[in-house]
Amino acid sequence: MEEEKFLNKLVSIIPSERQKVVQEMGFYAFIHFTINTFTGKEWGNGKENPKIFNPMNLDTDQWCQVIKSAGMKGVVLTAKHHDGFCLWQTQTTEHSVKNSGYKEGKGDVVKELSESCKKHGLKMGIYLSPWDRNSEYYGTDKYMDFYIAQLTELLSNYGDIFMLWLDGACGSHLDGKPCQKYDFQRIYDTALSLQPNIVMSGCAPDVRWVGNESGIARESEWNVVPLFNYADQNITPEAQKDDNAKIFQKRCVDVMIKDMGSREFLSKYDTFMWYPAEVDVSIRPGWFYHPLETIFIKSIKKLMRIYYDSVGGNSLLLLNIPPNRKGLLCKKDVKRLREMGKRIEMIEFSRIHNVKYESDIAGKEEFKISNIYEGKAFSPIETRDKYNLFAQFEKTVVDKVILKEDTDFSQRVEKFSIYAETGNGEKEVYKGTVMGFNKIALFKPIETSKIRLEINSCRFEPYINSFQIIRKH
Ligand code: FUL
C-alpha cells in the first residue's frame with residue numbers, strides 16, 4: 001500500500017508544456033563568441049579594450065545554415081560572458097559592441113543572429129552570465145538591478161527566446177570583490193513575465209546540467225528527481241578542464257551523483273520535480289575559438305557517441321560550436337557538423353515503415369496499438385510484472401530501436417530488454433534501464449523480421465508512444 005502511494009506520487013510528476021518543447025527539440029547549438037575570441041582566453045577579466053572585438057566577416061546566416069545542416073533545432077548565444085562585454089546595443093554599460101570595432105560601433109550580434117534564426121526556422125536562446133568582471137556594480141547591492149535591466153533588454157527586443165541559460169559561476173575572489181549573491185528567483189520571474197514560453201537551463205528550474213562538460217550522460221538518466229536546490233550549483237574555475245574525481249567532489253554533489261532517480265534512491269525523499277538533463281559540451285577543447293585547437297576538433301565517431309548517449313539517452317544535447325575571429329564557423333567544424341547531420345538524418349531514413357505491432361496484453365481503449373511510431377501510444381489495461389510488445393516486418397538487418405514514453409504519464413519504465421527472432425530462436429540484443437522521452441538502443445546488427453520488447457520493471461503500466469525499428473545503414 002505504501003509502495004503504491006509512493007509510486008502514485010512519482011507518476012504524477014510530468015513535464016510542463018515548456019519542457020516538452022525542448023524535449024522535442026533534443027539537439028541545439030551553443031555559441032561562445034565574444035572578446036575572448038580575439039584574446040585567445042577562455043575567461044576574460046573585463047579589462048579588455050572593446051575595440052578589439054571586430055569580426056570583419058561576421059555571418060550569422062552561415063552559423064544558422066551550419067546549425068541546420070547538423071540537425072540542430074536552435075541556438076543559444078553568449079550575449080554576455082564572464083568578462084561583461086555585451087554583444088548587443090545595450091543601455092546598461094559602455095562595455096559593448098557600441099564601443100567595438102565591429103561595424104564602427106553600429107553592429108548588434110544578438111539582433112543579427114535573431115534575424116537569421118527567424119529566416120532559417122531556428123529557435124534563439126540567450127546565455128547571460130551572472131558573473132560580470134567588468135561591471136562596477138558587481139559585488140554590490142546594485143548589481144541585480146543592473147543584471148535584470150540587461151535581461152529585460154534581451155528578452156524584450158529580439159523576438160521569441162526559447163531558452164535562458166544560467167551559469168552559476170561566481171569568481172569574485174579572483175578580482176578581490178565581495179561575493180555577489182545572485183537573486184535567481186528574480187531572474188526566473190523576470191524571464192517568465194517577458195517570455196512566457198522560455199525554458200531555463202543550468203542554475204534554473206526547467207533543465208538540469210548533466211554534471212560534467214565532457215559530453216557524458218548517465219546510463220540511466222531520470223526526469224523525475226528529488227526537488228533540487230537548482231539555484232545553488234556553483235561552477236568552479238576547474239569547469240574548463242577535463243572532469244576528474246577531485247573536481248566532482250568539489251562541485252555541487254547533488255547534480256553530480258550517479259543515481260538520481262531510481263526507485264530506491266527516490267524512496268529517501270518526499271518531494272519531486274520533473275527535471276530533464278542537458279549535456280553541454282564543446283566540439284573543440286575550449287568553449288571559445290582558439291586557432292591552435294582546430295586540430296583537436298572532436299571526431300565524428302566521438303560526436304556520434306555523444307549524440308547517442310545524450311539525445312539517445314533521454315537527455316538534451318547543447319553542442320558548442322565557436323566561431324572564429326572573422327565571425328565564421330571554420331571549414332573543419334562545418335564539415336564535421338554536416339557529417340553529423342547526415343548521420344542523424346540517416347537514422348530517420350532507415351526507419352522501417354511497414355511494421356505490424358502486437359502485444360500479449362490488451363491495450364486501454366484510448367491507447368491501443370495502432371502505429372506506435374507515429375504518435376499513438378500503447379498502454380496495457382492492467383499492471384503486470386512484465387509486458388511484451390512485438391514488432392513484425394520484412395526480414396532485414398537492424399541495429400537500432402527507438403523507444404519513447406508518453407511523458408504526459410511521467411517516466412515509468414525502469415528496465416527492459418530487446419530480443420530479435422533469428423530463425424533459430426530468440427536472441428537478446430539489448431538490455432536497458434530507462435526510456436523516457438527518447439531512447440536509442442544500439443546493438444550489433446542482426447538479421448531479423450521480429451523484435452520483442454520486454455518491459456520487466458515499470459512504475460505501474462507503461463505508456464509507450466514510439467517503438468521504431470531502424471535498419472542498418
Ligand atoms: C561555465 C563557464 O565558466 C564556461 O566559460 C562556459 O561558458 C560554460 C558553458 O559554463 O560555467
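The model is predicted, so local features need pLDDT of at least 70 and side-chain atom pairs count only at pLDDT 80 or more, while totals for chains, interfaces and linings use all residues. Residues are numbered from 1 along each chain as its sequence is written, and side-chain values use heavy atoms, with hydrogens and water left out.

Let's start with the helices. Helix α11 (residues 300–310) packs against helix α12 (residues 331–349) at about 45°, with axes 10 Å apart; helices here are DSSP runs (H or I, at least four residues) and strands are E runs of at least two, and axes are lines fitted to C-alpha atoms over the stretch in contact, with angles from 0 to 180 degrees between N-to-C directions. That makes α11 oblique to α12, since angles under 35 degrees count as roughly parallel, over 145 as roughly antiparallel, 65 to 115 as roughly perpendicular and the rest as oblique. On the α11 side, the contact (heavy atoms within 4.5 Å) is made by Ile300, Leu303, Met304, Tyr307 and Tyr308. From α12 come Arg336, Glu339, Met340, Arg343, Ile344 and Ile347.

Next up is Val279, found in strand β9 (residues 277–282). Leaving aside neighbours within four places in sequence, Val279 has contacts including Val210, Ile216 and Leu317.

Finally, look at Glu454 in strand β15 (residues 439–458). Beyond its neighbours within four places in sequence, Glu454 is in contact with residues including Lys386, Lys415 and Tyr419.
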